[in-house]
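I opened this notebook to keep track of what I looked up in the structure, entry by entry. The order is my own, going from whole chains to single residues.

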Amino acid sequence: MTTEVAATIDPVTFEVIRHKLWSINEEGSATMIHVSGSPVVHATDYNFGLYTAEGEMAVIGVYLLVPVYTGSMAIREFLRRFDDIADGDVFIINDPYIAAEHQNDVQFCAPFHHDGRFVAWIGCMAHQVDLGGTDVGSWCPTASDTFQEGLRIPPGRIVRRGTLNQELWDMITNNTRMPFTVANDMTAFLSGLRVATERLHELCDRYGADAVAGVMSQSIDASERALREILTTLPDGEFEHIAWLDRPAGADSRESELLTISCRMTKAGDRLVFDFDGSDPESAGYGMATRAGTVGAVATLMLCLFGSEVPWNHGLMRPVEVVAQDGRCVTAVSPMPVSGGAAAANWVAMNAAAGAITKMVSFSERYGGLAFGPGDGSWQLAQFGGLNQYDEPFAAMYLDSLLWGGPAFCDRDGVDSGGAMVILGGGTQDVEQQEVGQPLLYLWRREVPDSGGAGRHRGGNGIEFAMTPIDTDEVSGVMATHGTKLPNRTGIFGGLPGSCARFEIVRGADALSELGRGTTIERLDAVRGDYEELPGVNAGLVIRPGEIVNVRLQNGGGYGDPILRDPDAVREDLRTGAVSDDVARRIYGVVVSDGTVDADGTERRRDEIRSARRAAMVAPAGSPDPPTPPMPIAADRWGESLRFRPANDPTAPPGAYCAHCDAELGAVRGDWRALAGTVALAARDLGPLVQLPDELVARQYVCPHCVAALWVEILPADAPPWRDFELR
Amino acid sequence: MTPLFVASDIGGTFTDTVMIESDGSIRRYKAATVPDDPAAGVLATLELAAQDAGAPVGDLLRRAARFAHGTTVATNAMLERTTARVGLIQTRGFGDTLAIMRGFKSLGLDEDAIKNFRSMVKQDRVVSKPMIREVSERVDYRGRVVQPLDEDGARAAVRELADAGAEVIAVSLLWAFKNPAHERRIGELVAEELPGVPCTLSSELLPRLGEYQRTVTVAVNASLRPVLRRAVRSLETTLRDHGLAGEPLLMQSNGGLARVAEIDREAASTIMSGPVGGIVACQHLGELRGNENIIATDMGGTSFEVGLVLDGAAHIANSTWVGRHELALPSVSVRTVGAGSGSIASVAHGLLSVGPQSAGAVPGPACYARGGALPTVADADLVLGYINPENFLAGRLALDVEAAREAIAVHVARPLGLEVEAAAEGIKTIIDARMADLIRTATIEQGYDPTDFVLYAYGGAGPSHAFSYGAELATAEIVVPLTAAVHSAFGIAVCDLTAAEEVSDPLISPPGTEDYATALSAAEINARFARLAERAQARLREAGGEMERVGMARFVEMRFRFQIHVLSVPVPDGPVDDDGVRALVGRFIESYEARFGEGSAFQAAGVELTTFRVVATVPTERPRPRPLGAGSGDGGGGESRRRVFQDGEWHDARVVTHAALGPGLELAGLSIIEMPDTTVVVGREQSAVVDDYGDVVITPRRAA
């Protein structure tokens, strides 16, 4: 069908319709956000999309991306389950075991018919502020099964042939602490769908439903073709990256444990397979993700990584397969609790997948620039509830947690305070807007120096925000995250990780009185009270007026060796306060006096760093015994760490060379790291805001000749060995 | 000595000047803008006028009852970063407000850029961190002082900023619009420490909730003050030297004129002065022609702009964009998309796209033969026969048809396997559809039905494209004004003196309110309007307005509680009583449902009146444009015919020169009118007639 239609649409009409579809999606999206009364939606935890009749993503909004793909999964489930789908129906689902990240993410999908023809689907989703469960806000990070979590809505119809299913509607509003807001959001969904439906009718009236459907499917075909062409230019092989999720070892435990999440990516020809089977099994506790959340996270990564080269749509997922058996921590099944996992195991899986893809594209001169370290580390849930200053119940999730720094790229620093990948076009609200709605007074919302990972290009710094209750008796809080014990945002090609996540509280404080007396409070220790660093997962916190909670985010990793950063860039970082004097000198090796770079001092300091690396370096392991045959590598580079010479190069022996000094490292026979020297790093070498508990080690792989950093890893001391790449 | 109304629009490329005699006859002049010396371009147009009149410039200026102007000096200074160095003072803990940007790295980006994680970065900060100081103080959401102002710290901050090179100071504290005491005190300290240094307080410029936009706006305003002051003084001096007696007036983004002294405090309010002039001109012409609802469309070289006139008044939005910065100043609402005659066409992945990249004036379209080799919309227009290569800029620039064909052949036709003409028509179709989509966004998507509107088309390229982009929306008529090529200047010439005042001082009805009159006090509403009206009138009085003729338009920004987005609802004249409150809420719900659909109103939540605004206007005495009179087109220059490529084939088109243009002239089917400063096209299925004022009125579908 697709090819028949394809022949009839000329490129001009194609472009006209394509842009009109984008405008229609924007209008549906704008209508939804205007009508919604939810601060979460206003702060962009939502999305809107147009899908083909078969449920493939054709046009995608730019806000929370994971649900755009779960929308596609939902539609395919509706098509599978129901054989009486009709004009005027609107379907609903939030069942995370089928097609959602977690119960909060309610999706509405409307089949679009024109003159009796089933043309497309329109889908929208928004995070609902509350759908019941043990904790206000329905993220229940300490739940031990799904029955303690929010309402689970199976696939079904909220509107049947134009008539609202009032019983289901009431059932939902009866099961939320915030019926006003949830009802308003569902009204907003219907408004957005209605507007987009009207506009699609106008478009089909003018150009014909066949042309509209044809443009959708042709766009997807074109993107698929383009991606397959790109993949064909990249080397075949396996690429592996392992990442870890830290969480409390058990209910009420102050000890933490690490879950392993492994991604082995196989690339053959024009196909990609992401295999997560090496990940730990599911277990009741914080962080479990469903298959929908994990596949949606992979889709997000594909959109953001290849979307800069190829138009965004389902074509970017057609060459992709995600393999994972049921019951891993990234494919949890009922009754595993998953409400808190919307942004936990699946994000770590996304990080592992990002690592694997980065290791692949870095063999390409043309596409090597797409490489970046993990775009998103953890969602630092800061959810508060209680009675607001108007004596009304409130439940508020602070989207301020989205304002982490972005990853560094080969040619630029990460974006500071707002570098998120997972909500590409999003952000949060004004402090004043938050304060007029919720009984919490901010003490600061500011960028944190040194919080982005150091590198030749620096990871983006993120924010911290501190608040104290005001005009209320107390506020209850749910604060949950991973990444407090180890950084999830690793650097690449010698770049260092960004800061760890942190929650802090000062109990028994009276910040309001101290402010009233004129005390300047710029740090938590400026207030009298009991300071405590909170664990990663906290439910049922009680915060009283004058007590302070602070949320500091985990941030982007660096790109390349920090001592190769342009000293003038470091000077500018010092001037803007992005980097501290200590880090400039100690990690970047840059000496600045009176606002200008001391070139000689900088060279001396960088030599000292090199000498220290050399002194600490464990020599390369060398070839395995007995030697395995050299890996066939047709590429001439791997990021900015390695260069390769082919077997037929008359000027030099074949094999790997240091990309920095061009010294010969030898043939790659298995793990390339066997060719590199290893330097053990201490926590302070990684940056002032990175934790490194005893069970973890940090390794810097360096060129044994010039000691330039080639890669930095943080991992459990007993982590299984893996190979970054194994080309075929 | 008969009085003369003179107005100039100093644009980035051209300066346009319009002169209206007291009998209503209009003359229009165009000269190149001199970027470093805005007065020079104005003077050049005045010299053209003087030649025309056979009298020295001085005679013309001495006759000027009023000289008004619009200027892009503020916009250009922002784009070229020649604004003054701002020192910014903020509440402790919130000095990173500008840098954080609420986390939105996507602000101000278009469709393609916003999907590009690889290259998406935030726009430049309006003030860099080293020029920001925090002071200890805190006010809460009710306006209560949580922490007293640290005056010593504030004084030190002011001095540090001056030492760091601040030329102007901006102060933006949290909740200052609720309680301005701390900001005012800092203002006093600035005056003491840095006498003569301009200082902008957020509570005075923009008493509105939302610290990010407020701070951006305050900082930008501060940075523009010296720039605008210099430019305006230079113009004033030049004009006075040449005989102008009065004080020049300046166009504001809100659609009214103001004295230069006023504008000095609110420099940022001139940002949209050019585009706004065009919409005011439409409003004025609409009055004459009996069009109350107008879609005003301006297609220039790099962008396409759409504004609305609703019920005879220019539609005002509560913010405006400059580049990627959104300024929270009320402005005549103008939507922009990067579609103009210079938009570049390209093919990628076998798909044709046009814009938003533009060839600009340099190197320009391929047909300018100034080094541009990429195909643009202007090249397509030329290849298709819409534009006469000998009639561009009144014949001052001969266009190279072969260069245009070659550029389209190489970059579009061959990659797509099309003939050059088909490729050129494809470029035109795409750009016209892009513009129609923007009109749709500005009308249908806001709840307005285009069939209730007349579309006005102006700007360099609007008159030749409107027959196409205008037809898609099914408006009753498409009007190309006689002044199309200098439309903004014309609008400025006929504009009124205005003063706008607003305050963010919300009134709230609780959830479940049945009778809004019991929850929202009419007395409170009246008190707010009375304070604003008094302030606005005082400003007009200072400006020398005739106060007995002052008119007052009043608006409330309203929303359902818990929602963010507001709608501006007009309030009729006179004191508001209980019925007035009910009617106000009724109008709000009505326009809300018109925009978002029946049943979408969130009444259960209650409503909030967030911001109150008055716009006081003194209508200026001005001549009505004079009907041209029958037979004013002498038919000189005659008619000709040429081929135009449309709908896939060549057609024979009637070509009329401007000399033949006279009231009553009728055109049916494919026709082209060649004016000295633009080209008007009438489509194949359309007809057109020239009205009494020389405007070309196109009927999109020829009556059967």
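**Overall form of the chains**

I began with chain A, where a compact globule of 728 residues would have a radius of gyration near 27 Å, and the 26 Å of chain A agrees with this. I note at the outset that the model is predicted, and I read every value below with that in mind. The C-alpha trace of chain A spans about 75 × 75 × 45 Å along its principal axes, and its secondary structure comes to 16 helices and 30 strands. Of its 728 residues, 63% count as buried. I also looked up the contacts in chain A between residues at least 6 apart in sequence, of which 72% join residues at least 24 apart.

In chain B 56% of the 704 residues count as buried, and among contacts between residues at least 6 apart in sequence, 66% join residues at least 24 apart.

**Where the chains meet**

I looked next at the interface, in which 69 residues of chain A are in contact with 63 residues of chain B. The elements giving two or more residues to the chain A side include helix 7 (179–207), helix 8 (209–232) and strand 14 (440–447) of chain A, while helix 2 of chain A gives the most, with 13 residues. By residue type, I have this side of chain A as 30 nonpolar, 25 polar and 14 charged.

**A sheet in chain A**

I traced an open sheet of four strands in chain A, with the order 13-12-16-19 and antiparallel pairing. Strand 13 (393–397) and strand 19 (537–543) of chain A are the edge strands, each pairing on one side only, and the twist from one strand to the next averages 15°. Inside this order, strand 12 (residues 381–387) and strand 16 (residues 475–480) of chain A are joined by six bridges in the antiparallel sense, and I located Gly386(A) opposite Val475(A) in strand 16 of chain A.

**The nonpolar core**

Which residues touch the most other members of the largest nonpolar core? In this core of 464 residues they are Ala120(A), Ile261(A), Ala345(A), Ala349(A), Ala353(A) and Ile169(B). I followed up Ile261(A), which, residues up to four places away in sequence not counted, touches among others Trp244(A), Phe276(A), Cys329(A), Ala345(A) and Ala349(A).

I turned to Val171(B), which lies in strand 9 (residues 168–172) of chain B. Is Val171(B) buried or exposed? It is buried, because 34 other C-beta atoms lie within 10 Å, where 20 or more are needed. Its C-alpha atom is separated by 7.9 Å from that of Gly187(B), 16 residues apart along the chain, and Gly187(B) is also one of its contacts, which include Ile89(B), Glu183(B) and Leu201(B).

My last entry concerns strand 29 (residues 639–646) and strand 30 (residues 649–657) of chain B, which run antiparallel and are joined by eight bridges. Gln646(B) has Glu649(B) in strand 30 of chain B as its bridge partner. The hairpin has two residues between the strands, and Asp647(B) takes a positive phi near 50° there.

Note on methods: Residues numbered from 1 in each chain as written. Chains lettered and ligands numbered in written order. Predicted model: local features only at pLDDT ≥ 70, side-chain atom pairs only at ≥ 80, totals over all residues. Contact = placed C-beta atoms within 7 Å. Nonpolar A, V, L, I, M, F, W, Y, C, P; charged D, E, K, R; others polar. Pairing = 2+ DSSP bridges. Axes fitted to C-alpha atoms, helices over the stretch in contact; angles between N-to-C directions. Core = buried A, V, L, I, M, F, W, Y, C linked by C-beta atoms within 7 Å. Buried ≥ 20, exposed ≤ 12 C-beta atoms within 10 Å, placed from the backbone. Rg over C-alpha atoms; globule rule 2.2 N^0.38 Å.
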